[in-house]
Amino acid sequence: MTDTLLSVRDLKKHYPIRKGLFNRKVGAARAVDGISFDIEEGETLGLVGESGCGKSTAASSVIHLEEPTAGEVIFNGNGRQGATRDPDGTHPNDVTEFDDDEMMEFRRGAQMIFQDPSSSFDPRVSVGNAVGELLKVHGMSDRHRRRAIVEDLLERVGLSANDFDRYPHEFSGGQKQRIALARALVLNPDLIIADEPVSALDVSIQAEILSLINDLQEEFGLSLLFISHDMSVIRQVCDRVAVMYLGEIVEIGPVEEIFTDPQHPYTEALLSSIPTPDPRASVGGIELKGTVPSPTNPPSGCRFHTRCHKVIQPEGLDIDQDDWRGLLNFRDKVGIDEVDVEQVRENIAGSGTEPTDSEVRAEIRREFDISETVDDPELERTLSEALDLLIEGDSERAGSVLSDAITTPCAEREPEQTVHAPGHESACLRHEGQAAAEPNPADD
Amino acid sequence: MATEESERFDKVDWNDLSRSGRFDLSINSIGMLLTALPLTLLGVYSTAFTGPRTATFEFIGLEQNLESLDFFFIFTLLLAFWYLALPLYQNPRMTRYYWKEFKRNRPAVVSLGWLGIVFVGGLVGPLIMDPPQQQLLIGYQPPVFTSVVDTTPATCVGDVVNGRCFGTWQHPLGTTQGGKDVFTMIVYGMTISMQIAFITTTIVATIGISFGTLSAYAGGWIDEIMMRFVDIILSFPTFLMFLLILYIYGAGLGMFIVVFSLFAWGGTARYIRSKSLSISEEEFIKASRISGASTYQVIRGHVVPNAASSIITQLTLLIPGFLLAEAQLAFLGIGDSAVPSWGQLISAGRSDLSFAPWIVLAPGIVLFFTILAFNFLGDALLDALNPEAEAESE
Amino acid sequence: MADDQPLLEVENLTTKFSTDNGTLTAVDGVDFSVNTGETVCIVGESGSGKTVATESITKIINTPPGEIEGTVRYKGRDLLSLPESELRQIRGNEIAHIFQNPQEAMNHCYTVGWQITEALQIHQDVSDDEARAKAVDLMDRVGIANASSRFDDYPHEFSGGQKQRVMIAMALVGDPDLLIADEPTTALDVTVQAQILRLLDDLQEEFEMGVLFVTHDLGVVAEIADRIVVMYAGKVMERGDVLDIFDHPGHPYTQQLLECLPEFGGTGGGIPGTLPDPHDPPDGCRFAPRCEYAEEACRTGEQPEEIEVAPGQEVSCVHYGPGGNPSIVRSEGLGPGDDTGTVDGDSEVGPADD
C-alpha cells in the first residue's frame with residue numbers, strides 16, 4: 001500500500017464580488033466549493049470538467065498560487081510523511097498554514113505546468129535561464145552547476161543541451177511544453193500539477209507529450225494532478241479521475257470504471273461528448289445543452305439538475321424522461337420570462353399563414369422537446385393552462401402555475417456521496433439509499 | 001562540493017545549499033556600483049569643496065570643469081552602459097535577433113547611424129575641439145562651396161572672386177555674426193542634445209517605471225491615489241510652471257531638464273501600470289511565483305524587463321519633444337543664452353536670415369534630422385523588441 | 001449547369017508568400033473538390049497549409065505578400081480570375097467562412113445583433129427592420145436562446161460556444177452554398193464542441209450547403225466528414241471516403257495520424273520529428289524524413305503521383321506506384337471501423353521494419 005502524498009479536504013475558493021463606492025461585498029463567486037480528494041505516491045489523478053467548473057482554480061489553490069478561502073491541503077512530500085494531526089485538529093503538513101521557509105520547501109515538492117505554451121515563458125529570458133531560475137531562487141548560486149543540471153534535464157525531455165541559450169520564440173508549441181516539463185522537474189518535486197498541458201497542441205504532438213509525461217512519471221516516481229476538459233486525454237494518462245461540476249466533485253473513481261460504468265449523469269454526458277474516431281458511429285448520445293450556470297448563484301440542491309438528462313421525477317410521477325426534462329426547462333424559462341410568444345409566432349409565420357394559437361402551442365412544445373400530450377393527466381392540464389396563460393400574455397401567472405406543479409427532488413436536497421465500488425464515489429440523488437458513503441476516513 | 005552525480009537535478013541536496021545565493025548581485029549591478037561610486041565622490045567633491053570658478057580636475061592639473069549637469073549626464077551614461085549595452089553583449093543570441101528584426105527597417109538603420117554620429121560627436125567633440133571663440137572680424141563667413149557678396153563679412157577668410165566672398169574649410173559651415181564657427185557650435189550643441197536626451201529619459205523612465213509597477217502591484221486605494229496623482233501631473237501646465245520658475249530662479253538648462261522631465265512621466269507611468277497588470281496575468285509570472293520567487297524577484301526579473309522594453313519606444317518618441325521644446329524656448333528667447341544649444345544658435349541667427357541663412361539653416365537641418373531619426377528609431381524598436389508578436393504571426 | 005459538376009473544384013492550387021528568408025510555399029499544387037450537401041475535411045498538423053488552402057479559395061489572404069496560382073472553380077466560374085468586386089459578392093454571401101477563434105473574429109465595440117445585420121445589409125438590400133427580424137431569426141436558428149433580447153448584447157456577454165454560434169449565424173446571412181469552417185471547434189470545450197458539430201450537421205441539411213471543414217482532430221473528422229483530404233507540408237498525401245480512410249489508411253502519414261488516437265492503439269509517441277521547413281521542402285515525398293518506410297526512391301524527385309488504391313481513394317506514396325510494393329505500408333485490421341478486426345490496442349501497422 002502506497003502512501004498518500006496529497007490530501008485535499010473540503011477546499012474552497014470564493015472570489016468576493018464587490019460593488020459600489022465602498023467596495024461592499026455583495027456576494028461571492030464560489031469557483032471551488034468544498035472539494036476533497038487524495039493523490040497517492042506515483043499516482044495520476046485526473047480532474048475533468050467544462051470551462052468554468054473551477055478545475056483551474058482548484059489547481060492554483062492546491063499549489064497555493066492563490067490563497068484558498070477554506071479547507072486543508074495536506075502535502076506529505078519532502079520527507080514529511082507520517083506526520084499526524086496535532087491535538088488541536090490542525091495538521092503539521094497543511095500547506096495553507098505553512099510559514100515562509102516551509103512554503104519554500106513546498107515549492108520544491110510541488111510544481112506546475114500550464115496550458116498555453118506561448119505565454120508560459122518570459123520572451124526575454126533564454127529557456128535555460130528560465131529553467132535555471134528555479135535553482136537560483138532556491139539558493140544554488142553556482143552558475144556552472146545550474147547550467148550542467150539544466151542541460152542534462154533538457155536532454156532528458158527530448159531537447160538538446162545546445163538549446164540552453166535559445167529563446168522561447170525559437171521553439172514550437174510542443175517543444176515549449178517539453179521545456180515546461182523540464183522547468184517543473186528541475187527542483188525534483190514529488191507532485192506536478194498539469195493544467196491542460198496538451199489542449200493547445202495538435203493531436204500528433206499531444207501524444208508525444210503525454211508519453212513523455214508518462215515516462216518521466218515512471219522514472220522519477222512522480223504524482224500528477226492532471227487537469228483537462230478532454231476525457232480521451234484523461235483516459236490515456238490517469239489512474240483515477242475526479243469529475244468536477246460547478247465547483248464540486250460529482251464523481252471520483254478509477255479511470256476504467258468511470259469510463260465503462262459512469263454513475264453520475266454528468267459523467268455520462270461528458271463521456272458521450274467525446275468525438276469517437278469511428279465514422280460509423282452516429283453523432284448522438286446525450287447532448288449537454290446550455291452552459292455551466294454562474295458560480296455566483298449556483299442552483300439549489302444538486303447543481304447539475306438544471307442540465308441533467310436524468311433529473312428525478314417526484315414520487316408518483318412516471319412520464320417520459322425527455323418530457324420531464326422539457327417541462328423543467330419550460331418552467332425555468334417561463335420563470336425568468338424568456339419564452340417569447342411573439343418570436344414563436346413570427347417563426348411560424350415565416351413559413352406561411354398567420355399562425356393559430358394551437359400552432360403556437362405545438363411549436364412551443366416542440367421547442368422544449370415536450371410531446372403532444374404528457375402522459376400524466378394532471379401535468380398535462382397544468383401545462384395546457386400555462387400555455388394558455390402565456391398566449392394571453394400573462395407570463396407571470398404562467399410561471400407560478402408551472403413552478404407550483406413541477407418540482408423535482410434534485411432541486412431540493414443536496415446529494416450525499418454514494419460508494420459504488422472501492423474508491424468509486426458519486427454524488428447523485430438517484431443512488432441515494434444504495435450505500436451511504438462512509439465519512440471521510442481519518443486523513444492521516 | 002559538486003561531484004559528477006550532483007549535476008543531475010534529482011541528486012541535489014537542497015538542505016546543503018545556503019540561501020545566501022538568493023541575494024547575489026549581478027555583474028551589471030556590481031559594475032554600476034563600482035563606477036558610480038567614484039563619480040558620486042567626485043561630484044560631491046566638486047560641488048562642496050571647490051569653488052564655482054575652480055575646475056574640477058584642478059587637483060590633477062587639468063582644466064576641465066564639470067558641472068552638476070555633467071555629473072548627471074555621466075551617471076546616465078553609466079546606467080545605459082551597464083543595463084543596456086552590456087546585457088546586449090551578454091545575450092548575443094537575443095541581440096542578433098533584435099538586430100535582424102531592426103535591420104529590416106532601412107530608414108531606422110540610417111537613423112541609428114546618424115544618432116551614433118550625434119552621440120559620439122557630442123561626447124568627444126568638446127574634448128578635442130576648442131569652444132567657439134568670439135572673433136568679430138570674421139563674422140558672417142559663408143559655408144564652404146558657397147559665396148556671399150563680399151560686403152556681408154567684415155573680412156573674408158577665403159578667396160574673393162568677382163566681388164563675392166567664398167567659404168573655406170576653415171569654417172565649413174560658416175560663422176555667426178560674432179565670428180563663431182557654426183560647425184563647432186553644432187558639435188557643442190550635440191552635447192546639449194545628448195544631455196537632454198539621456199537625462200530626461202533616465203528621469204522619466206525611473207519615475208515612470210517605479211510609479212507604474214508600484215501602483216499596479218499595490219492595487220486598491222493606493223493604486224487609485226497614485227493614478228489620480230498621475231492625472232494631475234498630466235494635466236499640469238508645465239510651460240507656465242517653467243516660466244514661473246524662470247522668473248524666480250533664472251533659466252538654466254538643468255532647470256529646463258528637471259522641470260520638463262518631472263512633468264513628463266505621467267504617460268509612461270500609466271502605460272507601465274497597464275502593461276504590468278497584463279504581464280502579471282501571463283503564465284510565466286505564475287510559473288515564477290510557483291518557483292518560490294518573492295514578489296520583488298518576480299517584478300525585478302520579469303515584470304520590469306518586459307514592461308520596460310515596451311516603453312523604450314515610448315521614451316524614444318519623448319526625446320524629440322524635449323529637443324523641440326528646448327529649441328522653441330530658446331527661439332522665443334526664454335532659454336539660457338549661455339548654453340550653446342542648437343535652439344540658441346537658431347535664435348541667434350534669426351535676425352540675419354535674409355543675408356546669412358546658414359546660421360539658422362545648418363542647426364535647423366541638424367535638429368530636423370535628429371528628431372526625424374528618433375522617430376524612425378522608435379518605430380523600428382517597437383517592431384524589433386517584441387518577440388512574442390513575431391512568434392504568433394508565424 | 002450540369003448536375004454532376006462539383007460545387008467547388010480546386011485544381012493545382014499553389015500559394016506562396018515572399019518573406020525575408022525567401023519564398024515560402026504554403027500550399028503546393030493541391031487539388032480537391034466539394035459537392036453540394038457534402039462535407040469534405042482537410043486534415044493535417046499545424047503548418048500543413050490547410051488553413052492557407054481554404055483562405056486562398058476566396059482570396060482572403062493578403063496579396064502581396066501572398067501569391068495564389070491555380071484554378072478555383074465555383075459553380076463553373078474561376079474565382080481566382082474574377083475581379084475583386086465580383087469576388088466580394090461571392091465572399092461571405094455564397095461562400096461563407098467561420099474561423100477558429102470567435103473572440104478574435106468579432107468586433108467588441110458593436111452589439112452582436114448589429115454585426116449580424118451589418119453582414120446582412122452588405123449583401124442584401126433590406127430595410128433595418130427586416131434585417132433585424134432576419135438576424136433574430138438566424139440567432140434563434142443557431143440555438144441562441146431568447147434571441148430577440150440578446151440581439152443588443154455585446155460579444156463579451158456571450159460564452160465561447162455562444163460566440164461561435166453567432167459566428168455561424170453571421171456566416172449564414174447570405175444563405176451560402178459553401179461553408180468553409182476552419183477549426184471552428186478547436187478553441188471550445190468538448191461538450192460545446194459536440195453541440196456545435198451537431199448544429200453544423202443540422203444546418204448543412206437545412207441549407208443544403210457543401211461544407212469544407214479544416215481540422216487536425218480525427219475524432220471530429222470521423223463525426224462529420226463524408227470525404228477526407230489529408231495534407232502534409234503543402235501537399236495532399238491521401239484522399240478518399242471517410243470510411244475507406246479510417247478502415248484502410250493507405251499513406252504512412254495517415255496511418256500515423258490515426259495511431260495518435262488512443263482508440264487506434266495509440267500507445268503514445270505521436271509522430272516523431274517536425275514538419276519540414278516550408279522555405280526549403282525536401283526532395284521526393286514530403287513525409288519521407290519522418291516516415292518509417294522511407295526508401296531511397298522516396299527521397300528523390302517530386303512528390304509521387306496520386307495512385308488510386310481503392311475506388312475513390314488515392315494515395316501519394318512511392319510504395320503504391322510503379323515498382324513499389326504496397327504490402328510494405330499496407331495496414332490491415334487497423335481501427336475500430338474494421339468489420340473483421342477487433343478494437344485492439346496492440347494491433348501493429350504492418351511489419352515494423354525488416
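## A guided look at chains A, B and C

Among contacts in chain B between residues at least 6 apart in sequence, 67% join residues at least 24 apart; two residues are in contact if their C-beta atoms, placed from the backbone, lie within 7 Å. This is a predicted model, where local features need pLDDT of at least 70, side-chain atom pairs count only at pLDDT 80 or more, and totals for chains, interfaces and linings use all residues. Residues are numbered from 1 along each chain as its sequence is written, while chains are lettered from A and ligands numbered from 1 in the order in which they are written.

Student: How many helices and strands are there in chain B?

Tutor: Helices (H or I, at least four residues) and strands (E, at least two) are DSSP runs, numbered from the N terminus. Counted that way, chain B has 14 helices and three strands.

Student: Which helix of chain B gives the most to the side of domain 1 that touches domain 2?

Tutor: Let's start with the division of chain B into domain 1 (28–103) and domain 2 (106–132 + 181–393), with bounds from an automatic or database domain assignment. In their contact, 13 residues of domain 1 of chain B meet 13 residues of domain 2 of chain B. On the domain 1 side, helix 2 (68–90) and helix 3 (92–103) of chain B are the elements giving two or more residues. The top contributor, with eight residues, is helix 2 of chain B.

Student: How do helix 13 and helix 14 of chain A run, roughly parallel or roughly antiparallel?

Tutor: Two packed helices are described by the angle between their axes and the distance between the axes. Helix 13 (residues 377–392) and helix 14 (residues 395–405) of chain A pack at about 165°, with axes 8 Å apart; axes are lines fitted to C-alpha atoms, for helices over the stretch in contact, and angles run from 0 to 180 degrees between N-to-C directions. Angles under 35 degrees count as roughly parallel, over 145 as roughly antiparallel, 65 to 115 as roughly perpendicular and the rest as oblique. That angle therefore makes helix 13 of chain A, relative to helix 14 of chain A, roughly antiparallel.

Student: Which helix of chain A gives the most to the side that touches chain C?

Tutor: This contact takes 36 residues from chain A and 42 residues from chain C. On the chain A side, the elements giving two or more residues are helix 6 (203–220), helix 7 (231–237) and helix 11 (341–349). With eight residues, the one that gives the most is helix 6 of chain A.
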